[in-house]
Amino acid sequence: MTSEQVLEKAAEYLSADDTAFLREAYELARYAHREQYRRSGEPYIWHPVQVAGILVDLGMDPDTVAAAFLHDVVEDTDIGLEEIEQKFGEQVAMLVDGVTKLGKIKYKSKEEQQAENHRKMFVAMAKDIRVILIKLADRLHNMRTLKHLPPEKQRRISNETLEIFAPLAHRLGISKIKWELEDTSLRYLNPQQYYRIVNLMKKKRVERESYIEEVQELLKDRLAGMQIEADIHGRAKHIYSIYRKMVLQNKQFNEIYDLLAIRIVVKSIKDCYAVLGTIHTQWKPMPGRFKDYIAMPKANMYQSLHTTVIGPKGDPLEVQIRSEDMHKVAEFGVAAHWAYKEGKTVDDAESLETKMSWFREILEWQNNTSDAQEFMESLKIDLFSDMVFVFSPKGDVMELPKGSVPLDFAYRIHTEVGNRCIGAKVNGKMVPLDHQLKTGDIVEILTSKHSYGPSQDWLKITQSSHAKNKIRQWFKKEKRDENVEKGRDLIEKEIEKKGFTTKQVLTTDNLARVMDKFSFTTEEDMYAAVGYHGITAAQVVTRLTDTLRQEEAAAEGKTLTEAVGDLKPNQRTVQKKDKTGVKVKGIDNLMIRLSRCCNPVPGDSIVGYITKGRGVSIHRADCPNIQQEEDARLLEVDWEQQPNQSKNYDVDIEISGYDRRSLLNDVLQAVAETKTNIHAVTGKADKNKMARIDMTVSIQHTAHLQKVVDRIKQIPDIYTVRRVMH
């Protein structure tokens, strides 16, 4: 859509003043992005216009659409948030800030920065749902234009979309956006399977369409006789849902029977059940395939009747029956409750929050963890995993992550019920506390006033972040002295493991810096947090020793001779050639070792680093761990001109490809053909059938390694082979 088309469509449901307000937002965005272009070569303003167009299609309010026009202005131009607030008001500024990335803060890794960006977005979303609607529209248009990016970036963005944004669209009930995000992600993550399913669906399209037409005619006649107005049409099965069914149920395409589907939209709930009765009278229903989401709506407010029957030609036919209002919610989800009707939203924010109860937990998680990556893992578990629905003895329904146990249920009822839990009954029978609940289970929690409270094992068996946070809070409050002592002991052991002394590490300044990083008020708070597993000893000690390593590396302007003098006598022995094959220019009496972080081999460009207490470590010149070190401790080194041919070097490689039968065997066979020894191998595959094989091979030089890599790349379904640095 062009900017004029977006504004014209907005004018269909907004007032003239609101449309003028949107035009002003567009003009500012156009001016701000005037000299910027996208990777596709299009003017940058094209992206905000498309994002605004997606939100206008959802019927969103003026503030949201204005924020969509302006959503990249603060991040990518010199216009600040204050100017936006001054021109367009506090609401628009808040929405723009909610979707603006944290660009000016330095992070340890790209993953940490991405997790922090997501945390910011989700916390803003918990305060105002419209933040995530803008972000979903932004991601949808980015996925539509993903072809202009490099393959590696396409896969990374697609994977993130499948892990976070598509499940979020599902939780918000916006199926219109969810399906497109999933299908587009699959196209880049597994193109072979995507296009295979597309081609198979094309072959059966004519046959499928004629069958659906026959069913539609039959139903129209029956419903007309009952004086029920209904809109009947075929429902397209989405590519990703077929792919998931093939993967999870290990089925071939010709074994997927619910490709035939129709949707019936009627005027009222009474008509929904009347149509269901007619269909079950006309065709025989398949056992166990009826679901009543009208009587028991999904957590994302979705309502509909689902049934599968044996249709006219003996083939399974999937039928969905819903009212017009239900259909709007099914397509637009939470956005349907923000849709503008004569200047008013259908639902106010308070009513919406009641329906979306999981929203409130986001702020609770935010308050209970200082680590952004841990926060994101909590979200993935509780918001994006598959769910089970269980009942209390009174008939109340509870929604829990798949794999939940009675303790998760107990803490969802009330914190004290969880803390005093001593046992549970499922469907009237006693079960252990680690019993996995299934949809439809009736769960009764047994409690006692004399309970000793949670045990540390409960943190391992519970699945929901809600329960884990409540258990940690109990340990934090009830056993503070014990936790402080335990945490102090864990930190001291971790310091010794890293080769430092507590006197070196636990200085006042060092502790103050780390406590500030993790938002602890006192030293005891930090030890207590480690004691009750709110944070790990490794996380704390890594921060503590980072500063020490940087101080040592600086060496305050020491000359090479002085730095070499730091080495202990037993580390200045003559280095035998056959140990590493490395020589130090100008010095021949140093202990040399090859660094495990980058595993240099003959043929690599290398550099030496004088360590404190461990001789000289040899790194690849491009090793990230050596890039930040001071020149004072770096040595010029080189490989021996005639390396020992019997000497082998371990190299770690990572292989990715499509997870098919015998893939690992093919890789092992290929490596064996190059007469190369394998020291270690591990493999795993994700839900998208993407396989990853990590392998340590023993090679003589870079030419040998290249021979191994080239041979692996010849294997069908292998996508990438790369050397790994740790």
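The paragraphs below take up the ring pairs and then the charges over rings.

This is a predicted model, in which local features need pLDDT of at least 70 and side-chain atom pairs count only at pLDDT 80 or more, while totals for chains, interfaces and linings use all residues. Residues are numbered from 1 along each chain as its sequence is written, and side-chain values use heavy atoms, with hydrogens and water left out.

Rings of Phe, Tyr and Trp (its six-membered ring) pair if their centres lie within 6.5 Å, and planes under 30 degrees apart count as stacked, over 60 as edge-to-face and the rest as tilted. By this rule there are 6 aromatic pairs. One of them joins Tyr-240 and Tyr-243, a tilted pair with 6.2 Å centre to centre and 40° between the planes. Both residues belong to helix H14 (residues 239-248), where, because they are 3 residues apart, about one helical turn separates them; helices (H or I, at least four residues) and strands (E, at least two) are DSSP runs, numbered from the N terminus. Tyr-240 is buried, at a relative accessible area of 3%, and Tyr-243 is buried at 0%, where buried means under 20% relative accessible area, exposed over 50% and partly exposed in between (1.4 Å probe, protein chains only).

The rings of Trp-639 and Tyr-649 have centres 5.8 Å apart and planes at 85°, so this pair is edge-to-face. Because Trp-639 lies in strand S19 (residues 637-639) and Tyr-649 in strand S20 (residues 649-658), the pair ties together parts that are 10 residues apart in sequence. Trp-639 counts as buried at 9% relative accessibility, and Tyr-649 counts as buried at 4%.

A charge sits over a ring if NZ of Lys or CZ of Arg is within 6 Å of the ring centre and within 35 degrees of the ring normal. The charged end of Arg-34 sits over the ring of Tyr-31, 4.1 Å from its centre, and that of Lys-178 sits over the ring of Trp-179, 4.3 Å from its centre.
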